Amino acid sequence: MTKNTNEDIISENLKYIGLSLTKIPTFLSKTIAFEYQPRKEIEDNYKVYQYIPISKIKILLTPCNRLNTIQEKYSKASSISNYLDSKTESNILKHTTFLKMLSQVEIAKIEEIEKEQKKLQIKEPFLIKYQRNYLWQIYYSDIADTYFMLVPTEDLDYSAFFYLLKKQLEIKKTKKEEYIFVPISCEEYSRKYLKKSQMEDLEKYMWQLTKNWITTYEVYDKDGDMSLHIIGKMTVYEKMESEYKIILNTKEEAEKFYKFIKALFILETELPHYYRFKPKINAKGILEFEYQSKKITYDKLMELLTKEYEHAKKEIESLQKKQKILEKDFEDRKQEAYQKEQEYLGKERLIATYLECRKTFLGKVKYFLKAKKAKKGQNKIKNENERNQKKENRIEQMETIKFAKKEYYTIEDILQIYKVLDEKIQNAKNLELDIKAQNQKIKSLTKKIENASLYLSEIDKHEKSIFDFWKFANKDEQILLQAPEEENENIGKLEKVFDDKEDFEEMAVLIDKKQRKQLTKEQTNSMFIAQTDLLSLLKGAKKDEDFEESLQKLKEEAQKERNLFNQENFDLFGNVSEDRTKVQVLGGKKHRESQKDKLKILDITKNLNIEEYKEKILTILMNLQEIMRKASSPVSLPLYCVQEEPKQEDMQIFYIRPEEAIKQKEQTKEINLYRINLKRQMPVIYFTNGMYYDNDNKTLPLGMHVTSKCLVNLKDYELVLNKKEDFRMLKIEEETKITTTKVNIYEYEIKKKGE
């Protein structure tokens, strides 16, 4: 078969496009002249998408590539008529370029664009931008009110250009207008709905609320009506992200949405301890917000502000009452502490006098003679000074707060009343701390008084005679005043919170290294079998029919994979499936190891009978039980499953990464995701790389690059439902077709049975 020449390809492509170079249509032979002023500060960007009538687009070709600046591309551009003209000497080179482009274009690519544009006529893409949108180098001249396409001749893909040319030729014949959905290059927002500053603020507000930046597009339909499409990403659960969309069809909708988002932003940033608005994706992939598990909209915002103002008002009134009680309690504690302090100081002075007098002979005599007289009035501590002492006027005059009664409250009202509420809460906390300090002071003084009283009573025992006192005062060892014991609060040991994005790789390497040392090849083979569809067969006693059915399926699978039964009853290579020259990549690292195969591990042959098969399964089960007795998790971490509700049984498959668990049922519209919070040292085996490869050559990388699966033993533990929540994830099946999956999360805490 002879290859097609360039002439043949050009002829075929011209026929497909419907263009005759000998009889060029009038609308293509005319030179295009119009003004366009490219903006220097703006390069090619795609903020604006429109449905444009194909016949209204002028075509210019430029000897550049699409990465050149718009100024350079436009300054060198020429009308398509110059490239179709083969008679004028100055256009010969341009015509040759056109023929070269024609010979390089693929009809299949033009057909792909045609198919794509047919879909876009029904509905614009969910994410607005679409694959290969960069091929449409279409601009708008507001001076001439003209759309034009700049075709870079130095590019390699000309399918968009020839599709447009083909369609323009068809429209001239059929007299029936058609549209294309394309981005308008270098076009700024029209600002019909929101000002530039508002658009910039909106990006900032959405980042605060969703922790991701947004992209905003102006989209025009075939009637020229505009809508704003906001596309972004948000974290739906843990660190799982999903796309979302917001559509604003009118100026009123845009202004309402801007005010709504601005209000949420101000409340969340100014009052972060009170307000946290939760973004959620609805069934249509549109972003919504919740506050206290209830959907909140612009229309419900006034109602919410009123409710929040009344709530804050009640809290303030309650705190004012509480503050009065705390102030009285504080004054009582303060007075009691003052009395204790005076009592202790009196005893301290007596002890200090004794210690000073015992230093000399005359001092001892003097203290002994005066002691009895002093003792008579010792217990009569006068409190007149304390009673007459002017109390410190600590009780604050409770200001009478005047709460404005309005039909609707503003953000300013909320900020002001919550500022007052913060002050009242802080005052109450300060009083509680002061009371706690006074209680501690009273406790300390009480202990000091007790110790001082014991000290003085010991001295008092020896004051019956001068000789006994003299002997006591001359002793070198004296009783000591005991200091009160300090109370130390027990501080629990903090445990690092596991983060599957940050900690997974490091943990996986350590676990894989440990398991390779602890487990034999037979045990890792058993673990490999446990993560297959044979796990249900390993969970307890089964009927003979179950084993027969399982064995039959394995034999059929072996028949398809190996096709050896007609020749031999065994696998010639065993576990050596590849030679040493075969190199594979796992986790970005090369290795020369063979992947495990359940058929080879179980040694499935044509002659394998049911009794032998049952014995193999029993051996695997015993291996798993032995492994589980020794296994333990080095960290506390959450695990996930979707296949069934977790039960208290010996073996269950879980995933460390929730997104990997969800993939098992991602085709369903609703998923129940079960989460268990595994505690440190609980029995679990991780499916590391060593569980999937034999590592005979010792080249297998460490880690968990195949999966985040693990096998958990819950037999001796009880699951307690902690909380339930849900979220939606967006899935884009095609550019114009999206689906959402609702994920219900059931979170369980684990505790030992009987605790």
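These notes go from the cores to a strand, a loop residue and the charged pairs.

**Ground rules.** I am working with a predicted model, where local features need pLDDT of at least 70, side-chain atom pairs count only at pLDDT 80 or more, and totals for chains, interfaces and linings use all residues. Residues are numbered from 1 along each chain as its sequence is written, and side-chain values use heavy atoms, with hydrogens and water left out.

**Cores.** I looked up nonpolar cores, meaning sets of buried Ala, Val, Leu, Ile, Met, Phe, Trp, Tyr and Cys residues joined through side-chain atoms within 4.5 Å. Buried is under 20% relative accessible area, exposed is over 50%, and partly exposed is in between (1.4 Å probe, protein chains only). The largest core has 149 residues. Those with the most contacts inside it include Trp-136, Phe-161 and Leu-711. Another core, of 25 residues, lies apart from it, and Phe-498 and Ile-750 are among its members. I then listed contacts (heavy atoms within 4.5 Å). Beyond its neighbours within four places in sequence, Phe-161 touches residues including Ile-59, Phe-98 and Met-149.

**Strand β19.** Helices (H or I, at least four residues) and strands (E, at least two) are DSSP runs, numbered from the N terminus. Strands pair if DSSP finds at least two bridges between them. β19 covers residues 709-712. Lys-709 and Leu-711 are buried on one side, Cys-710 and Val-712 on the other. β16 (residues 652-655) runs antiparallel to β19, with 4 bridges. Tyr-655 is bridged to Lys-709. β18 (residues 684-686) also pairs with β19 in the antiparallel sense, over 3 bridges. There, Ile-685 has Leu-711 as its partner.

**Thr-688.** Is this loop residue buried or exposed? Thr-688 sits in the loop between β18 and β19. It is buried, at 1% relative accessible area. I checked polar contacts (N or O atoms within 3.5 Å; within protein, one must be able to donate a hydrogen and the other to accept it, and residues adjacent in sequence count only if both atoms are side-chain atoms). The Thr-688 side chain makes one with the side chain of Asp-512 at 2.9 Å. Another, of 3.4 Å, joins it to the side chain of Gln-515.

**Salt bridges.** I used a side-chain nitrogen of Lys or Arg within 4 Å of a carboxyl oxygen of Asp or Glu. The whole structure has 31. Glu-626 and Arg-629 meet at 2.7 Å, N to O. They lie 3 residues apart in helix α20 (residues 610-630), so about one helical turn separates them. Glu-626 is partly exposed at 26%; Arg-629 is exposed at 61%. I also noted a salt-bridge network that includes Glu-238, Lys-278 and Arg-675.
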